[in-house]
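Q: Please take a close look at a single part of this chain and describe its setting in a connected account.

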Amino acid sequence: MEAPHSSPAADSPHDSPAAGAAPDAVTVRIAVDSPERMQELGRRLAGVLAPGDLVMLTGELGAGKTTLTRGLGEGLGVRGAVTSPTFVIARVHPPLSGGPALVHVDAYRLGGGLDEMEDLDLDVSLPDSVVVVEWGDGKVEELSEDRLRVLIDRATGDTDDDRREVTLVGVGPRWAGLREDLTGSGAGR
């Protein structure tokens, strides 16, 4: 895995203040060259996550959202195999020890905003869990003023290229030390 750097993914309209990113957002860019490295990034991110954190994953089909979440699950030490919740919408993975549960949501099939997601009781789960929402842009931002947006950019079309550009956008004061936390120079959370 390469050190954080600039990438075209960061120039997407999702990162502009006009698209809802706070002007004080912290952005970290990381190049990932394989599914194993994506899972490793998930394990590394798990080290900076805490109960109450909302993580929103954005990327094309096959970009690596579930692979990253599998690494988060390993890093958080949760029970059960982390697989795509596409058909069940949400899966709860309880902790094996004293850490937070992982709530993994796939909002792809949910059309509206937070109203449609209300039945999932994410607002109830959030304080005690790490909530990861795939396809959550425009649907779950109201759950928390502080959130971590993860944008995964990959080559599209008929390609077997495993390289990904991952852009982490920490929104809110909770994520002010994101860059230091990921590089190991911060105290972590």
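A: In this predicted model, the chain contains five helices and seven strands, arranged from the N terminus in the order β-α-β-α-β-β-α-α-β-β-β-α. Of its 189 residues, 47% count as buried. Among contacts with a separation of 6 or more, 65% are between residues 24 or more positions apart.

Strand β4 covers residues 101–106, and six of its six residues are buried, so the strand is largely enclosed by the rest of the structure. Side chains in a regular strand alternate between the two faces of the sheet. In β4, Ala-101, Val-103 and Val-105 point one way, while Leu-102, His-104 and Asp-106 point the other way.

Strand β4 has pairing partners in β3 and β5. Strand β3 (residues 90–93) runs antiparallel to β4 and is joined to it by four bridges; one of the pairs is His-93 with Leu-102. With β5 (residues 129–134), the pairing is parallel and extends over six bridges, and here Leu-102 has Val-130 as its bridge partner.

Helix α2 (residues 65–76) contains Thr-69. Beyond its neighbours within four places in sequence, Thr-69 is in contact with Leu-102 and His-104, as well as with Leu-57, Val-82, Val-132 and Glu-134. Thr-69 has a relative accessible area of 0% and is therefore buried, the cut-off being under 20%. A polar atom of the Thr-69 side chain lies 2.9 Å from the backbone oxygen of Lys-65.

Key
Residues are numbered from 1 along each chain as its sequence is written. This is a predicted model: local features need pLDDT of at least 70, side-chain atom pairs count only at pLDDT 80 or more; totals for chains, interfaces and linings use all residues. Side-chain values use heavy atoms; hydrogens and water are left out. Helices (H or I, at least four residues) and strands (E, at least two) are DSSP runs, numbered from the N terminus. Buried means under 20% relative accessible area, exposed over 50%, partly exposed in between (1.4 Å probe, protein chains only). Contact means heavy atoms within 4.5 Å. A polar contact is a pair of N or O atoms within 3.5 Å; within protein, one must be able to donate a hydrogen and the other to accept it, and residues adjacent in sequence count only if both atoms are side-chain atoms. Two strands pair if DSSP finds at least two bridges between them.
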